[in-house]
Amino acid sequence: MKVYQRMARAFRAEGITHTFGIMGDGNMYWLNEMIKLGATDVEVRHEGAGLGMADGWARATRQPACATATCGPGVSQLATALITASRASSPVVAFCGEHPTNDDEYNQRMEQAPFAAACETQFVRVATADAADDAVRKAFYLAKINSKPVMLSAPMDVQQQEFEDDDDYVTSATLMPSRQVRPDPDVLERAADMLCKAKHPIILVGRGAMWAGAGDAIKKLAERSGALIITTLMAKTWLSEDDFHLGVSGTYATKTAMELCEESDCVVAVGASLNRYTTEHGYLYANAKFIHIDAKQHVMIHGVRAADIYMQADARIGTEALEGVLAKRSFKQTGYRTGEVRERLGNAWEDRHEYKIEAGTADPREVVLALDEVVPENISLYTGSGHTAGFSNILFRRRRDVVMPGHFYGCIGQMMPAAIGAVMARGNKPAMLVDGEASTMMHLNEFDTMVRHKVPLLMVVQNNEMLGAEYYKLDAHKMNAATSMIPSPDLGAVARGYGGRGVMAKSVEDVRKAAAEWVAKPGPMLIDVRISHDVVSLPYRRIHYGLDE
Amino acid sequence: MIEVNEQVYAPAAPQTVWDLLSNPQAVVSCVPGASLGEHHDDGSFDAGIIVKFGPAKVAFKARIGLELDASTMTGKVSSRGKDNQGGTRFNASMTFHVSPQTEPPGSTIDFKAEVEISGRLSSVVEAGANMVVKKMTADFSERLAAHFAQPATS
């Protein structure tokens, strides 16, 4: 058996059912073997998009996903997607060809190890034929234990060597620790003391709490301690069935939520990294003490300070334990869960700022509200980046199976691939992606991949024919904002050209009609919504125009 | 760098306006969210101000120096400080000059200021800080005008 054949068997044994990438001479033998062993080869139109799809798969399943690229030029296409996957804590294993070890003048040679390091990606080389199993096992172990991408770099000549051992491959699962982190009893008591003294507590929950299944425990703790619930962007709409749910903390918070955060005297953060965007550099919770529950050894708040009490614990176990201590003390208070707060939250999401909408365009805020109404809650939601994310990330409120925002690396173009991968990971269950046109067009050629694999993704493009983030910054600085305007073709027609469905919408009614048609018959579809230039998202109104609503 | 160039009308004689602008206590009362602290031997004094950036309020502490030239009715204010979390600093300098105005009768105050904000908050507020500082200047002008208008209407 050749090394590439053994490695394909190892990938299948690790649970890989789909590969995302482009075949080239550095990975084609391995890929051919993967297909022979029953894996689905998702051939994409750009290696970076393939890695983005694997990233989306990993985000949706919390299991390792597989991307692949040929050596040199195939690998160098992965840069932005690797960093995005790293920031998203996605366990992705990228099988990458590498130039032959005996040919330093090979045309497609590249130093892949330092490239991986620069892309915040772990690196494992298949140095010899004998080490093939160890290399695959280590790659999957590192991906899972660190929740980060790994580049498994396989020199072309080593792939063709004989692998002599015919024992069964031993998977990385045998290496994984099976322990849950339990809180230190002293820390737990101190945390309970602090929470009992709080009059206006808030529980801030992130993806770590979602992944740990801490939802019920958080709701019980909120009831007992009188706390409001707020999420990070990445946990958007999670637990929103609670009457005292504030939405998203930070950049995408409503004015009411920000005011309530500012009045808070204690934040219990659960499974949240508390980065600068969640806390607005700490200014959002200027008057609060922090209790931070996380499975990591320690986490700095927005990179500059520590919580007043840091409790290392699994999010669910830590939250249950804290609620348990309060229960033992017979502590229960109304706290922040008052009628007055409920009333303030009643119209918190209303955007009262009036704009004149140009003829032939739609108000992007109304587009979001219409989509949230027309597209049922069993349809997952993916939101993109850039200026238009300011509409989606605040105004979409319906609780859905999956709500997945982007923003991990602050780049555009990464959410379409991630959404495709996530939809495929969920057995091609229909989903909706809302993004801007510059972001969409960066990987629009993957609409072809969607069509070939019958991915039932509705892509709604909030198209204002400009780089919105730059447009409003330039405008606020009284510079020539028109330099950021780029006319775009009819993207609905482009989608039809790829063999899918596509329309251009110039009003909210057009959007409603097209979305309803897609809901009735899901499949690859794109709605190119022409939106007003004049409507500025709430975060941009604050950041660039000094307004508060 | 945020630059402010404002001309404010005050419905009072130049000497009356100058007397007010020379009095830190009175000036602070015209700045929304500001409070006066301890005076130091070198003539400088402490002050605090709460600034609203969007819905978020940020409390700054500053040390302020005031140089006055009564003969030309010109003043120079320098201030530097940081917010109560220590993550954001500012450095501001302002000059003002009071001159008579005939129509409508009263005084003109010319303000020129430069404000520099650095640190964590600067990335949160970006160009919005410019708008916030300009709004604060407008609020100050309004309060100043109201201050002088009050006796006339009472």
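Predicted model: local features only at pLDDT ≥ 70, side-chain atom pairs only at ≥ 80, totals over all residues.
Chain A is divided into three parts: domain 1 (3–175), domain 2 (185–346) and domain 3 (364–545).

**Overall fold**
- Chain A holds 24 helices and 18 strands.
- Its radius of gyration is 24 Å, close to the 24 Å from the globule rule for 549 residues, so chain A is as compact as a globular protein of that length.
- The C-alpha trace of chain A spans about 75 × 65 × 45 Å along its principal axes.
- Of the 549 residues in chain A, 57% count as buried.

**Where domain 1 meets domain 3**
- In chain A, the C-alpha centres of domain 1 and domain 3 lie 31 Å apart.
- Contacts join 23 residues of domain 1 of chain A to 21 residues of domain 3 of chain A.
- On the domain 1 side, the elements that give two or more residues are β1 (18–21), α3 (47–61) and α5 (79–87) of chain A.
- α3(A) gives the most to this side, with ten residues.

**Residue classes on the domain 1 side**
- The side of domain 1 of chain A that touches domain 3 of chain A has twelve nonpolar residues.
- Seven polar and four charged residues are also found on that side of domain 1.

Technical notes. Residues numbered from 1 in each chain as written. Chains lettered and ligands numbered in written order. Domains from an automatic or database assignment. Contact = placed C-beta atoms within 7 Å. Helix = DSSP H or I, 4+ residues; strand = E, 2+ residues; numbered from the N terminus. Nonpolar A, V, L, I, M, F, W, Y, C, P; charged D, E, K, R; others polar. Rg over C-alpha atoms; globule rule 2.2 N^0.38 Å. Buried ≥ 20, exposed ≤ 12 C-beta atoms within 10 Å, placed from the backbone.
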